[in-house]
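This report sets out computed features of a single protein model.

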Amino acid sequence: MGKTFRARRLPAHGVEPGWTALLPARTPTPELDRAITADVVVIGAGFAGLAAATRLTELDPSLSVAVIDADVVGNGASGRNSGFLIDLPHDISSGNFGVDTATKSRNEITVARSAIQLYARLANTNGWDKDVFDPSGKYSVAMTDAGKEHLTTYSSKLKALGEAHKLLDAAETADVTGTRSFKAGLFTPGAAMIQPVALVRGIAHFFQGSSVTLFERTPALSIETSSSGCKVTTPKGEIRADKVILATNGHAESFGFGSGELLHVFTYASLTEPFAPSLLGGLRKWGATPAAPMGTTVRRINGAEGDRILIRSRYSYIPSIEVGAGSMKGASKLHDRKFADRFPEHRHLKFQFRWAGAMALTWNTVPLFGELEDRIFSACACNGIGGTKATAAGIATAELVVGHRSALGDIFRAFDKPQKLPPRPLVEVGARFNLAMREWRAGRE
């Protein structure tokens, strides 16, 4: 017997990310307006979906792959992050650093570097410049003595893993950032910095003339399974395929998958107006994550019109997966304060773009991965650090679909299933309290 899964709601991303505004206008690919067939249909053209389609064609160039997205490429969550592809765990300094912890950290590194390696291959193949993909490494920075101590501890754990890095004192950190507000920094060379909208657009362009066909502004309204295959229905067409890959992150729940297992959390970013490079010392391009979890991420980017500073901070639980004006206003005020604290001599700079982006988390921080139903596979629930985790999930799902074995796939197959959340009133109160407490603990960081 077949089953039918109907979308209860469609994505609503809100105002476009600033990354889009910095790029030339692009004509989306046509929406699907007819009935077609494919070997695999991928629902979602973000990091996970595009990575899945790319990996499928690497493993079997004869496969026909259809990718559909409810919006345009780059307007979803993948175009709304801060542009960090991070290769190391955010925090390996807590608890006893025993065998189990070391293995877990090594697995996290394998997951992250599998994603970065995919984009490095695409950058080399397509001739992307460093404004799109830059394997430049990243910094972590500390605003407080507690943050400085955390970086020192983190350094000792990196040494135990044999990972290259460099601790920076306050003066060395100022030489990078152009501000003396930071007490210390730590550089790790394995991360990459991206222009996220340019990167996903670049992959979409890469598909032209290949066995992958992309249809934008084409939401999936339903997925039907039968013994002979699957049918995905869209507003003006349908796709019959042997298998479906669901790469919709939190919106897997819209089809009934992961119901009662997914936490929908938004994070927020603000990007300043352009300023003359001479206004701020330090390097013209750098990115820094905070020493404390749930702290503030900062990036400096440069372009023809001048340089800009990006601030990302604030996490909020929004089960409707649609951020409201009040949440945006609160995050914007926080960003203003965070910017002034880090760049007090330049507090006059105004923010030109502000946006929000959704993440999907699970209680036990595992992805919603694998064959959820006959012929329906999932690469959802990134649990943060979506640039690498979502990409790796897409790669691992593609490998699962075609029966390819790899170290990455073994890691994903070994994950537990997502745990059920507590009843809704409890989870809502608990999630909001937990996020507020984590933000409070981060303090100035």
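The sections below take these topics in turn.

## Basis of the model

The model is predicted, with local features requiring pLDDT of at least 70 and side-chain atom pairs counted only at pLDDT 80 or more, whereas totals for chains, interfaces and linings use all residues. Residues are numbered from 1 along each chain as its sequence is written, and side-chain values use heavy atoms, without hydrogens or water.

## Nonpolar cores

A nonpolar core is a set of buried Ala, Val, Leu, Ile, Met, Phe, Trp, Tyr and Cys residues joined through side-chain atoms within 4.5 Å; buried means under 20% relative accessible area, exposed over 50%, and partly exposed in between (1.4 Å probe, protein chains only). The largest nonpolar core comprises 50 residues, and F133 and L199 have the most contacts inside it. A second, separate core has 26 residues, among them A220, C230, I239 and A360.

Contact denotes heavy atoms within 4.5 Å. Leaving aside neighbours within four places in sequence, L199 is in contact with F47, Y119, W128, V132, F133 and I194.

## Cavity

On a 1 Å grid over the protein atoms alone, a cavity is a set of points where a 1.4 Å probe fits but cannot get out, and a pocket is an open set with protein on both sides within 12 Å along at least five of seven lines; lining residues have an atom within 4 Å of a point. Grid points are joined across faces, edges and corners, and a volume is the space filled by probe spheres set on the points.

The structure holds one cavity of 30 Å³ or more. The largest cavity has a volume of about 30 Å³ and is lined by F275, L279, L280, I309, F339, F343, H346 and L349.

## Second largest pocket

The second largest pocket has a volume of about 390 Å³. Its lining consists of 24 residues, with L22, L23, D131, Q195 and N302 nearest the centre. Helices (H or I, at least four residues) and strands (E, at least two) are DSSP runs, numbered from the N terminus. Strand β16 contributes the most to this lining, with five residues.

## Loop residue G282

G282 lies in the loop between β14 (262–272) and β15 (286–290). With 39% relative accessibility, G282 counts as partly exposed. Beyond neighbours within four places in sequence, its contacts are A174, D175, V176, T177, G178 and R300.

## Helix α9

Within helix α9 (residues 407–414), L408, G409, I411 and F412 are buried. Viewed down the axis, the buried residues fall within an arc of 155 degrees, so they line one face of the helix; the arc is that of the directions from the helix axis to the C-beta atoms. The face of α9 turned away from the buried side carries the exposed residues A407 and A414.
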